[in-house]
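I opened my notebook to look up how one chain folds and how two chains meet. Here is the structure that I worked from.

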Amino acid sequence: MMPRICAFWKVVKITFSIVISLLYCEPCYGQLSPEPPAGLLAGQVTRSSVTPEPGLLFYLSGENKFTADYAAGGQDKPNFLTGLNIIPDGAIGSAFEADDNQLMSYWAPGNIFAQRGTLSFFWRSRYPVGPTPLPVFRVAFADHTSWDMVWLRIDYNGSGFDAFVTDVGLTRTRVSHYMDKFPTPEEWTHIAFSWDETEGVRLYINGKMAEKQSVTGKVYDTGLDQFGPHSRIISPYQVQSLYSFMRGG
Amino acid sequence: MLSDSNIEGLSRGKIPGNIPAIKRDLSERRWRNAWWDRHGWNLPNAAPPMLPSENTVIKKVGVHEVYDVRRWMWKANDGIRETTWPGVYNMSRLPGRYDYFVLPDWDCYSMSGQSIEFILPDEPWNHVEIWGKAWGQLTYIKEHTYDHTFGVRSKEQVKSYHRLKVPGQGGILRFDNALIEEPIGELGVYHVHIGSAPDGSVSEVFSLGHVNGNLQKESIASVAAFIDGRYPADELTKIIGLHSIDETRIEVIPTISAPLPFIHIIIPYTSYPEHGLDGVEIEIPALTVDPTHGEVFPPEYTGERSHMGNA
């Protein structure tokens with residue numbers, strides 16, 4: 001039996017960062033605002049706003065339900081939302097409880113940039129993890145040749161956490177962190193991941209740097225589409241294929 | 001990137017204070033090198049060749065027949081940098097792509113991704129620009145002549161420029177990948193020659209002026225909003241086509257003090273149902289920039305070129 005992990009996650013902060021496609025996870029309903037308003041291009045900001053904190057691009061606390069406290073790109077509502085509850089006892093204030101088939105994503109344009117940035121959130125599994133890896137957070141390309149469309153991902157790797165961003169040459173600046181004892185379902189873990197095309201990537205666990213990888217001559221700059229916890233990004237081909245074979249009446 | 005102490009604070013729920021500034025100043029080596037890497041002004045490949053004349057025509061040569069083995073391939077010349085030739089391999093050997101998630105994250109078999117042939121239309125061409133990490137060589141193939149390798153891409157080059165000494169006519173352009181998984185994001189073929197725009201066409205004339213977000217036309221506002229979502233704050237400088245007679249030029253109020261030399265040009269195109277858009281004539285004033293290498297800007301590289309094998 002393959003274990004499926006649901007999790008609570010809380011406080012996404014994306015600071016300093018650059019940025020289009022489709023995020024999706026089973027089951028494929030729950031799309032709230034699938035397309036931008038008429039007359040707008042997909043993947044554009046709706047209004048630019050001035051940041052309350054220096055460098056802050058996106059902040060989701062759960063205190064305003066699923067609306068982001070701040071979204072630099074203006075699109076502060078999730079565009080996909082299924083299987084999420086808000087619970088009062090997060091690491092700090094409210095948190096989100098995610099079902100096994102959860103679906104939660106936000107538009108990327110203006111809210112995250114590929115050249116550089118930092119992603120920070122609290123997470124805990126809802127029941128014990130096993131040896132099978134699972135994605136914890138993902139950011140999708142706007143368009144890409146790969147079928148998984150993943151630009152950034154943070155995973156539970158079987159005994160710790162993996163994290164990567166993808167450069168324009170399809171290679172991934174990736175770090176793997178293994179833990180002797182993985183946090184129990186009762187323990188919140190703070191995960192922060194930083195990337196910068198002139199420096200590389202750094203993974204922090206509970207405020208301490210766990211892994212880093214330096215780079216030279218990399219270009220991360222690319223169009224991004226959506227981000228959110230868990231689930232799986234699929235390509236436009238897979239959307240078409242799934243739709244053809246899941247449609248009831 | 002936030003600092004270690006910023007992140008330590010975040011882990012305790014503290015709003016980060018005193019975060020590192022990211023003022024990208026191109027006089028600093030770190031930012032200059034990254035900027036040159038991205039735009040093809042870094043070494044060791046040749047810098048973009050200079051234009052042949054003050055009056056130059058750049059004709060884009062449309063390429064519609066492209067094959068990798070026998071698979072028709074459009075992803076290296078579809079205008080979208082993120083779609084590449086080749087795509088991702090099953091069990092990729094590229095760093096960081098080994099994954100425990102067994103997904104159909106590939107579109108290449110063992111024979112593909114090694115060589116790609118662009119079958120050119122029967123018209124003159126002399127210039128190729130490539131964006132991507134693929135390194136290898138460019139060869140011009142035409143019947144009744146020897147194959148002519150005229151361009152070598154190095155590992156270090158994301159954007160490269162290749163000019164034929166004598167224009168070719170049609171034929172096949174082949175790129176051989178030294179490392180089979182490294183991709184080409186975009187390859188463009190052009191004919192660069194002395195000349196000027198043809199007379200007698202229906203045309204519209206614009207002056208380019210700065211805008212500060214006061215974009216009235218909805219179509220322009222939409223494009224501008226896309227730019228705002230795609231690029232960071234110091235890459236958002238926009239200029240717009242203004243009908244100089246009936247519109248007042250809006251002076252720029254920069255959103256930040258030191259934008260990078262990267263400008264988005266937005267032209268409010270009028271639709272003429274009986275005419276298509278065939279071309280754009282641009283008059284560029286002399287730039288007040290300091291030459292960075294020799295007498296040119298962007299730099300012209302005069303040192304020894306690095307070739308495959310000894311790079």
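Predicted model: local features only at pLDDT ≥ 70, side-chain atom pairs only at ≥ 80, totals over all residues.

Residues are numbered from 1 along each chain as its sequence is written, while chains are lettered from A and ligands numbered from 1 in the order in which they are written.

For chain B I then listed three helices and 13 strands, which are DSSP runs (H or I, at least four residues, for helices; E, at least two, for strands) numbered from the N terminus.

I turned to helix α1 of chain B, residues 4–11, where B:Asn6, B:Ile7, B:Leu10 and B:Ser11 are buried, that is, with 20 or more other C-beta atoms within 10 Å of their own. These four lie on the same side of α1(B), because they cover an arc of only 135 degrees around the axis, the arc being that of the directions from the helix axis to the C-beta atoms. Just after α1(B), I found that B:Gly13 takes a positive phi of about 85 degrees.

Last, I checked where the chains touch: the contact takes 59 residues from chain A and 51 residues from chain B. On the side of chain A that touches chain B, β12(A) gives the most, with four residues.

How values were computed. Contact = placed C-beta atoms within 7 Å. Buried ≥ 20, exposed ≤ 12 C-beta atoms within 10 Å, placed from the backbone.
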